[in-house]
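Subject: Structure for your review

Dear colleague,

Please find below the structure that I am handing over to you. A written account of the findings follows it.

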Amino acid sequence: MIKVHPGLAMWRSILAERIREAVGQVGTDCVFIDVTLCSHNLHNCLVESTTSTEGMKLLIGQMAALGEGLAVGGEGLNEITMQGLSFAQAHLFRSWHATAEGLDRTGGCALNDFLFGRLCRTFGYSRLSGADEDEELRMRITRSTTRSHCHHP
């Protein structure tokens, strides 16, 4: 995996062309972009006079405009990416850990749904199989903080 600054127009163009080709071969009406949550300003680094946040918004818009129009999903959700995403993975606090102290005190407040739900639907991220006590907790918290059905706005 590499991470390319999304401000780079040539990279966005090449990626869009490859996705357009894949969509044509598969015949899908949606695409998922991994790591859309990484839209911070990379130490004020501009590429082609574009911040990474602006570049991510451009990338999502470019994907949505492919073909007849695509529903675009992404990893993570914030006030910028939700403008173009139809669905997104919602990360729980410290979701990269197998267990997270204090996780049992969270949930029950569908904040993402309140803020972004009419524009973008969220779903869980990882370790949600319920195979053990920690995954059962993660699944329960995720269910209480996201909508359980999909909706394409």
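Which residue in strand 2 does Cys30 stand opposite? Cys30 stands opposite Ala71 in strand 2. Please bear in mind throughout that this is a predicted model.

Overall architecture

The protein contains four helices and four strands. Along the sequence these elements follow the pattern α-β-α-β-β-α-β-α. Of its 153 residues, 39% count as buried. Among the contacts with a separation of 6 or more, 70% are accounted for by residues 24 or more positions apart.

An open sheet is formed by four strands in the order 1-2-3-4, and their pairing is parallel. Strand 1 (30-33) and strand 4 (121-123) are the edge strands, each of which pairs on one side only. On average, neighbouring strands of this sheet are turned by 20° against each other, with direction ignored. Strand 1 pairs with strand 2 (residues 71-75) in the parallel sense, over four bridges. Across these two strands lies helix 2 (residues 52-64), which runs at about 160° to strand 1.

The nonpolar core

The largest nonpolar core has 18 residues, and the members that touch the most others are Met63, Val72, Leu77 and Leu85. Helix 1 (9-26), strand 1 and helix 2 are the elements that give two or more residues to this core. Helix 2 gives the most, with four residues.

Leaving aside residues up to four places away in sequence, Leu85 touches Thr36, Ile60, Val72, Gly73, Gly74, Gly76, Leu77, Leu119 and Cys120. Two of the core members named above, Val72 and Leu77, are included in that list.

The aromatic pair

A search of the whole structure finds one aromatic pair. Phe87 and Phe123 form this pair, which is tilted, with 6.3 Å centre to centre and 40° between the planes. The pair links distant parts of the chain, since Phe87 is in strand 3 (residues 87-89) and Phe123 is in strand 4, 36 residues apart.

A buried loop residue

Leu103 is found in the loop between strand 3 and helix 3 (111-116). Leu103 counts as buried because its relative accessibility is 3%, and the cut-off for buried is under 20%. In space, Leu103 and Ile141 are 8.1 Å apart, C-alpha to C-alpha, although 38 residues apart in sequence.

The cysteines

How many disulfides does the model contain? The count comes to zero, a disulfide being a pair of cysteine sulfur atoms within 2.5 Å. As for accessibility, Cys45 has a relative accessible area of 33% and is therefore partly exposed. Cys120, by contrast, is buried, with a relative accessible area of 2%. Cys120 is also one of the residues that Leu85 touches.

Yours sincerely

Notes. Residues numbered from 1 in each chain as written. Predicted model: local features only at pLDDT ≥ 70, side-chain atom pairs only at ≥ 80, totals over all residues. Heavy atoms only, no water. Buried < 20%, exposed > 50% of the residue type's maximum accessible area, 1.4 Å probe, protein only. Pairing = 2+ DSSP bridges. Axes fitted to C-alpha atoms, helices over the stretch in contact; angles between N-to-C directions. Contact = heavy atoms within 4.5 Å. Phe/Tyr/Trp six-rings, centres within 6.5 Å; stacked < 30°, edge-to-face > 60°. Core = buried A, V, L, I, M, F, W, Y, C linked by side-chain atoms within 4.5 Å.
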